[in-house]
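Look over the sequence and the structure shown below.

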Amino acid sequence: MASKFINITLKIWRQKNSKAKGALETYTLNDVSTDSSFLEMLDQLNEQLINEKQSPIAFDHDCREGICGMCSLYINGRAHGPDTGITTCQLHMRMFKDGDTIYVEPWRSRAFPIIKDLMVDRSAFDRIQQAGGFVSVNTSGRTMDANAIPIPKADADKAFEAAACIGCGACVASCKNGSAMLFVGAKVSQYALLPQGKVEATDRVLNMVRQMDEEGFGNCTNTGACEIECPKGISIENIARMNREFLKGALTKA
Amino acid sequence: MSKLNSRIPEGPIAEKWTNHKNHMKLVAPNNRPKIDVIVVGTGLAGASAAASLGEMGYNVKAFCFQDSPRRAHSIAAQGGINAAKNYQNDGDSVYRLFYDTIKGGDYRAREANVHRLAEVSGNIIDQCVAQGVPFAREYGGLLDNRSFGGTQVQRTFYAAGQTGQQLLLGAYSALSRQIGLGRVKMYHRHEMMDLVKIDGKARGIIARNLVTGELERHSAHAVVIASGGYGNVYFLSTNAMGSNVSAAWKVHKRGALFANPCYVQIHPTCVPVHGTNQSKLTLMSESLRNSGRIWVPKKKEDAEAIRAGKLKPTQIAEEDRDYYLERRYPAFGNLVPRDVASRAAKERCDAGYGIEANDTNEGVYLDFASEIKSKGKQAAYALGDHDPSEERMIELGKKWIEEKYGNLFQMYQKITDENPYETPMKIYPAVHYTMGGVWVDYNLQSTIEGCFVTGEANFSDHGANRLGASALMQGLADGYFVLPYTVSDYLANEIRTGKIATDSPEFDAAENEVKETIDRFLNNNGSKSVDHFHKRLGLIMWNKVGMGRSEQGLKQAIEEIGLLREEFYKDVYVPGSSDEMNPELEKVMRVADLIELGQLMAVDALHREESCGGHFREEHQDSEGETLRDDENFKYVGAWEYNGSDSKQSTLHKEDLNYEFIKIAARNYK
Amino acid sequence: MSNSVLFKSSIAKKYFMALTGLFLCTFLVGHLLGNLQLIFKTGEEGRRAFNEYAYFMGHNLFIKVLSYTTYIALIVHAVDGIMLTIQNKKARPVKYAYNNPKANSGTASRNMAILGTLILVFLATHMANFWWKAKITEEIPLHSLVKTVDYPVGQNPATGEMITKPIEVTHYLNTNGTYQQFKVKDPSTGQEQKLFEIKNKHEFYDLTSHVKIGDGYKDLHTVVMTFFSKENSSALFGVIFYVISMLVLGYHLWHGFASAFQSLGLNHPLYMPIIKKVGMAFSIVVPFLFAIIPVIIYMNH
């Protein structure tokens with residue numbers, strides 16, 4: 001790991017709160033190690049701002065290992081930046097060159113209102129989950145033995161791939177329509193693929209889609225941008241599966 | 001110094017929990033909606049507790065500082081969850097899981113708790129499968145298992161390298177269901193600022209809405225703290241950036257004892273430190289030790305050449321490699337417990353064999369080349385090719401590795417820009433988990449009545465060292481299967497209490513205290529950032545209260561932290577105001593608590609004149625560098641009482657550990 | 001709830017988009033097969049074949065139902081598309097200052113609404129050119145054939161040879177398949193005589209009994225040929241417009257074809273690659289064949 005140091009210019013969206021008007025502000029930052037992650041670069045900028053008694057940039061982040069889904073950021077026109085298969089916290093500065101200008105914006109979606117600067121409110125996802133993203137089983141632990149129903153490995157693997165969603169919202173952010181269908185499709189698919197989830201599959205998809213529409217997300221036009229930008233590589237096959245499940249539900253549910 | 005009563009039920013170990021459950025008090029369904037319960041934290045322990053209590057019919061309020069309950073750091077657990085199912089037919093049983101956990105904890109855990117954990121472990125898997133958690137399966141459709149450190153059976157259930165995520169999403173789905181049904185009210189982006197005690201009982205919390213900055217009063221008949229561990233006291237750890245000790249520390253400040261703070265788990269397989277702006281360390285799952293072999297060069301000059309970039313690890317001949325874990329611990333080899341593996345790495349690096357080109361040369365290799373070949377050969381045979389070429393074996397072996405650990409390998413490559421399929425991973429130990437925590441009795445109740453503490457935030461199940469894949473087990477066991485009973489037992493006496501008012505003098509006082517602290521920091525007008533102090537604290541902790549601890553170092557640490565605390569209060573600068581989203585304000589409040597805790601850890605480490613598990617006192621080791629326990633003098637839980645922000649003033653209380661069912665012995669993995 | 005779900009939810013909008021889209025694809029195939037007769041058969045044979053085909057398309061009950069379905073599909077496809085676009089615009093009230101969508105999606109997929117609108121403009125023009133004339137104003141001449149025959153006017157008494165005089169006989173092609181004499185004209189005198197009369201633009205009526213004796217074919221073929229013929233001063237513009245429009249259609253189909261299957265939930269790892277390939281082939285071949293027709297006509301006439 002031969003580390004290099006680069007100087008960069010940043011254009012960052014600053015917005016005091018949800019109601020304030022925001023604007024892009026320009027910052028320069030020198031001596032950024034190429035081994036730093038993108039968020040460590042922002043830490044460095046914030047340290048600089050704090051030392052200058054300026055207001056640091058608010059951005060969401062937590063685990064910094066690509067699994068919690070808290071970090072967001074639209075970097076140089078792409079969700080989670082120019083690399084693929086990663087979240088912003090896994091993006092490293094070696095992806096940039098000395099002298100680069102980097103645009104950093106929050107997720108843009110009507111359903112994700114800005115809280116401050118680069119932070120957005122993604123509780124719409126929670127509400128969609130609350131509308132049906134579960135198996136209605138009590139937590140007694142006294143169900144049946146875990147091996148009572150064998151599940152074909154292929155189905156279990158597919159369910160896992162869908163379940164790998166970290167709920168970061170990159171799909172919504174990068175979709176030109178601001179659609180949440182990859183998120184919802186992944187959740188619907190995970191459960192639809194497992195025998196435990198099949199029982200309520202119809203109600204689940206109808207309820208989750210209803211909530212998704214109420215939240216003000218756009219509609220899928222199959223551009224496929226979401227699956228390219230999804231840090232977990234979740235396939236739009238899951239959206240197709242949701243479409244199937246929904247059709248089944250819409251045609252059979254009285 | 002008083003003796004603590006852990007309220008362990010009488011009777012043979014295998015019957016304690018069942019008997020206890022049969023005799024605890026219940027709250028009738030019609031009374032439950034009249035009772036409020038607060039749950040702070042929504043990781044595995046918190047989410048499962050909130051979901052279970054909500055499902056029973058209590059009015060539950062759940063709090064998390066993240067933007068969604070699904071973000072809690074349980075999500076980052078990679079490798080797996082243990083359960084004594086014995087699906088692999090390799091001799092596992094409840095007793096063995098119990099025994100392995102006690103032994104792994106270096107005989108510093110409470111027998112009764114651990115046995116209960118082992119008993120309910122199977123239910124966890126049943127529960128999770130019923131919830132739709134997509135565990136890894138074999139081609140026959142049944143659940144797959146793998147091995148973890150410190151065990152000789154395969155009892156670890158997993159979902160690729162994302163087991164914590166899948167389990168947390170399972171608990172989150174159960175919680176979401178209750179939120180959707182209106183039985184749990186979720187407060188996200190809310191941080192608990194203080195516990196409110198009325199007549200000695202926990203009666204509510206002061207919470208800060210992190211978006212608006214508003215302070216809120218929430219009352220309840222019981223408060224469950226599930227706020228995780230305190231590894232971030234080291235600044236660099238595998239914990240999430242937001243992970244903190246504050247909720248637990250506030251409870252401690254209000255009178256709950258804090259037990260075994262010095263028991264910290266340093267995880268052996270993390271990506272080594274690379275630079276000064278580094279904000280956190282990344283874990284590479286312990287499951288990798290199933291397939292990887294750990295080594296450093298046998299010759300110092302090779303290590304030097306590697307650090308200088310003149311040699312590549314693949315150029316070191318087999319006979320010039322020191323597979324030091326296999327050499328020192330032939331019975332367990334690369335699968336020794338974490339504390340043992342970590343110390344062995346430190347020993348080699350201290351001796352000058354480290355291979356990482358960072359300031360401290362701290363790094364060793366985790367090599368998959370042998371596994372790639374052997375699995376590749378198996379795969380070739382399975383495909384009917386009984387004489388595979390070397391290339392074919394390697395190609396198939398890489399595929400096997402990718403299926404098993406693909407996400408970890410990708411994560412490693414993104415961080416280091418090196419391809420671990422081609423060259424061995426570089427790893428080094430990093431702070432990962434804290435076994436210490438708020439002292440709780442068998443019912444998981446702290447020394448404050450009505451204040452329960454669960455998951456990593458309590459101290460109860462892992463002794464001085466936690467075995468891999470046991471944290472997930474504990475979090476879910478406590479939340480799904482223990483707290484619903486024990487909290488109900490407590491609440492049975494509360495059915496006549498009625499709604500608890502939030503305009504009492506106690507609430508006023510608590511809120512005012514919080515307000516004063518916030519104002520004090522905002523008006524401090526210091527010159528240095530919060531991170532500046534946090535990093536300095538971390539450095540002291542890592543160097544002096546880290547993997548190797550000495551009397552002299554600990555004494556220095558205690559003094560240095562004391563001075564750091566004073567400087568911190570004088571010179572910390574917090575921008576912004578209290579009525580807005582202000583991440584620096586959040587941090588300063590957390591770091592204030594971490595400083596006090598850090599000092600207490602050093603105090604605890606200094607008083608514990610023995611080596612056990614994650615606590616290694618250099619004065620107490622045998623000739624081969626293994627830990628030397630002192631069962632005669634230190635076979636107890638050290639629980640500290642808060643006496644002000646100078647942790648030197650804390651008072652020690654002891655809970656004796658009695659081993660009735662396991663013969664206490666020196667830990668041996670050779 | 002199912003009824004409202006089928007009309008209101010966002011996913012249902014996708015079904016309608018997909019179903020109407022795929023239906024319109026089948027329409028394209030039918031339309032293309034007809035059009036190809038414009039270039040694959042020549043002379044009177046080609047003209048006749050095309051006009052007969054056009055007549056069939058206008059009079060077969062099944063085709064009629066199909067064509068009304070096409071109109072409906074087209075309207076639903078357009079209206080649904082507009083609704084989708086409005087919903088999608090609303091979903092992102094503040095745009096990105098810097099966006100790089102090329103990195104994750106195809107140009108066609110991101111511009112379906114614009115492409116669709118362009119196609120709608122084309123359709124309006126196309127229908128005004130042909131459909132409106134054929135169906136509404138019926139300003140299309142009937143399929144006629146003028147033959148000059150030597151009409152005997154007497155006999156040369158010296159040689160005994162027949163004395164003839166060229167006269168023009170106009171035939172109308174009757175839907176019963178025969179060329180029916182409509183009028184005769186003496187070019188030298190300009191005298192002409194009708195043999196029956198035409199009412200309602202295409203119906204043949206006997207001059208004396210006023211009984212309908214037949215029905216004529218509209219000569220759409222000639223209209224098309226004239227429209228794209230070099231002799232027509234605006235033809236070049238027309239040809240270019242048609243070719244560009246087909247390019248637009250191609251782009252629309254490039255994304256639309258496979259997308260429709262995805263919307264209907266028909267995405268399977270085994271079949272999706274095939275569907276995608278078929279979609280690509282379809283989106284190239286069909287618009288290409290449509291586009292070369294005016295080009296060939298322009299070159300040959």
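Which two side chains of chain A, Asp35(A) and which other, meet in a salt bridge at 3.5 Å, N to O? The partner of Asp35(A) is Arg94(A). A salt bridge here is a side-chain nitrogen of Lys or Arg within 4 Å of a carboxyl oxygen of Asp or Glu.

This is a predicted model, in which local features need pLDDT of at least 70 and side-chain atom pairs count only at pLDDT 80 or more, while totals for chains, interfaces and linings use all residues. Residues are numbered from 1 along each chain as its sequence is written, chains are lettered from A and ligands numbered from 1 in the order in which they are written, and side-chain values use heavy atoms, with hydrogens and water left out.

**Salt bridges and backbone**

- Side chains of opposite charge can pair when their charged atoms come close.
- Over all chains, the search finds 85 salt bridges.
- The salt bridge of Asp35(A) and Arg94(A) has its N and O atoms 3.5 Å apart.
- This pair links distant parts of the chain, 59 residues apart: Asp35(A) is in the loop between strand S2 (23-33) and H1 of chain A, and Arg94(A) is in the loop between strand S4 (78-79) and S5 of chain A. Helices (H or I, at least four residues) and strands (E, at least two) are DSSP runs, numbered from the N terminus.
- Arg94(A) also forms a salt bridge with Asp417(B), where the closest N and O atoms are 3.8 Å apart.
- Asp31(A), in strand S2 of chain A, has a phi near 55°, a positive value in a residue other than glycine.
- Lys53(A) has a positive phi too, near 60°, and lies in the loop between H1 and strand S3 (74-75) of chain A.

**Chains A and B**

- Two pairs of chains are in contact (heavy atoms within 4.5 Å), and chains A and B share the most contacts.
- The contact involves 77 residues of chain A and 84 residues of chain B.
- The size of an interface is often given as the accessible area lost when the parts come together.
- Between chain A and chain B the buried area (accessible area, 1.4 Å probe, that two parts lose on being put together, summed over both) is about 6600 Å². Carbon and sulfur atoms give 50% of this area.
- Nine salt bridges are counted between chain A and chain B.
- Among the elements that give two or more residues to the side of chain A that touches chain B are helix H1 (38-51) and helix H5 (181-193). H1(A) gives the most, with six residues.

**Chains A and C**

- Chain A puts 49 residues into this contact and chain C 38 residues.
- About 3700 Å² is buried between chain A and chain C, with 55% from carbon and sulfur atoms.
- In chain A, Arg108(A), Asn219(A) and Asn222(A) lose the most area to chain C, together 17% of what that side buries.
- Between chain A and chain C there are zero salt bridges, but 27 residue pairs in polar contact, both at pLDDT 80 or more.
- Helix H9 (237-252) is one of the elements of chain A that supply at least two residues to this side, and H9(A) gives the most, with ten residues.
- Chain B and chain C do not touch, and their nearest C-alpha atoms are 19 Å apart.

**Cavities and pockets**

- On a 1 Å grid over the protein atoms alone, a cavity is a set of points where a 1.4 Å probe fits but cannot get out; a pocket is an open set with protein on both sides within 12 Å along at least five of seven lines; lining residues have an atom within 4 Å of a point.
- There are 13 cavities of 30 Å³ or more. Grid points are joined across faces, edges and corners, and a volume is the space filled by probe spheres set on the points.
- The second largest cavity holds about 130 Å³. Of its 15 lining residues, Glu40(A), Arg64(A), His92(A), Lys280(B) and Thr282(B) lie nearest its centre.
- The second largest pocket has a volume of about 1400 Å³. Its lining has 48 residues, and those closest to its centre are Glu161(A), Ala160(B), Glu402(B), Glu403(B) and Lys404(B).
- H11(B) supplies the largest share of this pocket lining, eleven residues.

Key. A polar contact is a pair of N or O atoms within 3.5 Å; within protein, one must be able to donate a hydrogen and the other to accept it, and residues adjacent in sequence count only if both atoms are side-chain atoms.
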